[in-house]
Amino acid sequence: MVNKTWDFFYKFHHLTCLLLVSLLAAALYFTRDVNYLKFLKNQQKLHSDDKNYSSTSSSSGRCDFFSGTWIYDNKSTYPLYKERECSFMDDTFACEKHGRKDLKYQRWRWQPHNCDIPMFNGTILLEKLRGKKLIFVGDSLNRNQWVSLLCLIEPFLPPSSHKKLILDGNMYFFHDNVRKKIPKKFSCMKEYNTTIGFYWSPFLVESNADNIWDHRVPGRVIGVESIENHARHWNDADILIFDSYAWWLHPLMTLMWGSFGSSEAIYKTVDMKLRRYEMALTTWSDWLELNINRTRSKLFFMSVSPYLYRYIYKLCRGDVLRNCLNRSEPLFMDEYLVSTKKSMRGIVESTIEKLEERGVKVEYLHITRMSEYRTDAHPSIYSRFSDYLTEEEKKHPRNNSDCLHWCLPGVPDVWNQILSDYIIN
């Protein structure tokens with residue numbers, strides 16, 4: 001009887017220990033995940049205003065690609081291409097070439113909350129673009145996205161494609177037209193006869209900064225009602241992707257009515273950012289309404305790509321960050337101030353809505369919020385611009401960091417994955 005009693009207490013003791021260990025493990029598990037739960041809660045808060053950031057076509061059933069989070073993905077699929085293997089790489093965006101050792105920025109994958117972005121398929125995209133012309137129109141951020149797209153499609157091009165860029169005025173373009181004799185083993189491949197170009201026009205309308213090489217001129221002059229000299233170079237495009245924002249942030253600009261060099265032109269220096277931006281977009285939209293082929297052409301407008309140097313991010317611990325230098329991971333924050341002026345963003349959205357009422361559909365791709373997290377993915381001091389810094393400027397790298405453009409491979413690849421899905425579908 002005594003032995004049985006001790007046997008009972010012995011088993012009870014072990015069960016009690018197992019229960020305590022289980023409770024302790026559960027406590028540690030939930031303590032470990034408390035920050036992750038906080039992060040999820042903050043993500044829900046950050047994306048509560050879906051009206052401002054969701055796709056313009058989400059009401060028609062398209063998944064909202066623009067509401068999501070960045071996930072580190074160290075699988076072999078990322079990055080989608082190698083910087084050194086892209087024949088079209090621009091030194092402005094070649095961060096690894098210019099000394100960046102931390103390459104984690106290449107492996108972050110954008111994950112929408114309620115769907116997946118289809119993996120980029122250059123064969124399907126090129127087939128969709130067969131015999132067509134796709135043109136990016138805007139500033140260097142659009143060039144950043146254009147180079148990204150060329151790097152993405154390069155592995156899918158026929159082996160005999162001429163991987164060279166052609167400069168014609170303000171237009172840089174790649175034209176896939178196979179001129180070499182195709183080897184017999186590739187005889188099943190046909191040329192795509194596709195043009196993928198970039199047209200330099202930072203204000204969309206005409207200005208004294210329209211020279212593709214020499215555009216850093218003092219005193220910007222904008223022909224707010226003049227666009228024809230630009231538009232005639234891309235009016236035959238099948239797909240147009242526009243952007244224009246960063247160049248409008250200068251406090252003082254001179255508006256011009258008339259023609260450059262004309263004695264009858266009227267000039268007025270103003271600091272009205274919103275009004276001058278609205279006037280230029282009105283000129284742009286009027287041109288589209290009168291000239292675009294509404295059944296053939298697809299039109300896109302990229303929302304603002306964040307300019308980190310102008311941001312103030314407030315983290316839960318009270319830090320204030322104003323620069324992209326030495327950032328190695330995306331920013332996950334409890335609260336933040338939207339970096340881009342809502343008023344300027346509102347002008348774009350209003351212009352696009354009015355165009356649609358007039359029968360011209362422009363897809364507005366809301367890449368701003370997804371890009372704001374990526375403080376780690378700007379060139380900083382790792383680009384060709386660092387080669388031109390003086391010894392004095394090199395002593396102050398924080399003041400000379402490129403926090404506007406994006407390293408490649410990187411964030412613009414995600415923009416192009418989304419753009420590709422819109423084109424294909």
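## Briefing on sheets, aromatic pairs and buried positions

Strand 8 (residues 221-223) pairs with strand 10 in the parallel sense, over two bridges. This pairing, like everything described below, is read from a predicted model. The chain has 425 residues, of which 50% are buried, and its secondary structure comprises eleven helices and 15 strands. Among contacts between residues at least 6 apart in sequence, 75% join residues that are at least 24 apart. The accessible surface of the chain comes to about 22000 Å², with 53% of that area belonging to carbon and sulfur atoms.

- Four strands form an open sheet with mixed pairing, and their order is 7-8-10-11.
- Strand 7 (206-207) and strand 11 (266-270) stand at the edges of this sheet, each with a single partner strand, so one side of each is left without a neighbour in the sheet.
- Within the pairing of strands 8 and 10, I222 has L255 in strand 10 as its bridge partner.

- Strand 6 is mostly covered, seven of its seven residues being buried.
- In a regular strand the side chains alternate between the two faces of the sheet.
- For strand 6 both faces are covered: T194, I196, F198 and W200 are buried on one side, while T195, G197 and Y199 are buried on the other.
- Strands of a sheet pair through backbone hydrogen bonds, and the sense of the pairing is either parallel or antiparallel.
- Strand 3 (residues 133-138) pairs with strand 6 in the parallel sense over six bridges, and K133 has T195 in strand 6 as its bridge partner.
- Strand 5 pairs with strand 6 in the antiparallel sense, also over six bridges, and here F174 stands opposite I196 in strand 6.

**Aromatic pairs and the aromatic cluster**

- The structure holds 19 aromatic pairs, one of them being the edge-to-face pair of F88 and F174, whose rings lie 5.2 Å apart centre to centre with 65° between the planes.
- This pair links distant parts of the chain, 86 residues apart, with F88 in the loop between strand 1 (68-72) and strand 2 (108-112), and F174 in strand 5 (residues 171-176).
- Both partners count as buried, F88 at 4% relative accessibility and F174 at 1%.
- The rings of W200 and W247 have their centres 5.6 Å apart and their planes at 80°, so this pair is edge-to-face as well.
- The two tryptophans are 47 residues apart and again link distant parts of the chain, W200 belonging to strand 6 (residues 194-200) and W247 to the loop between strand 9 (239-242) and strand 10 (253-257).
- W200 is buried, with a relative accessible area of 2%, and W247 is buried as well, with a relative accessible area of 10%.
- One aromatic cluster is formed by W234, F242, W284, W287, F301 and Y364.

**Charged groups over aromatic rings**

- K104 lies over the face of Y72, at 5.9 Å from the ring centre; since a charge counts as sitting over a ring when the NZ of Lys is within 6 Å of the ring centre and within 35 degrees of the ring normal, this distance falls within the cut-off.
- R374 lies over the face of W70, where the distance from the ring centre is 4.6 Å.

- Helix 8 (residues 342-357) has 16 residues and reaches 22 Å from its first C-alpha to its last, close to the 22 Å expected at 1.5 Å a residue.
- Just after helix 8, G359 takes a positive phi of about 95°.
- S285 lies in helix 7 (residues 273-291) and is buried, with a relative accessible area of 3%.

- Although S297 and L240 are 57 residues apart in sequence, their C-alpha atoms are 7.6 Å apart in space.
- Not counting residues up to four places away in sequence, S297 touches A237, D238 and I292.

Notes:
Residues are numbered from 1 along each chain as its sequence is written. This is a predicted model: local features need pLDDT of at least 70, side-chain atom pairs count only at pLDDT 80 or more; totals for chains, interfaces and linings use all residues. Side-chain values use heavy atoms; hydrogens and water are left out. The expected span of a helix is 1.5 Å times one less than its number of residues. Buried means under 20% relative accessible area, exposed over 50%, partly exposed in between (1.4 Å probe, protein chains only). Contact means heavy atoms within 4.5 Å. Accessible areas come from the Shrake-Rupley method with a 1.4 Å probe; for residues, only the protein chains shown count as cover. Rings of Phe, Tyr and Trp (its six-membered ring) pair if their centres lie within 6.5 Å; planes under 30 degrees apart count as stacked, over 60 as edge-to-face and the rest as tilted. Two strands pair if DSSP finds at least two bridges between them.
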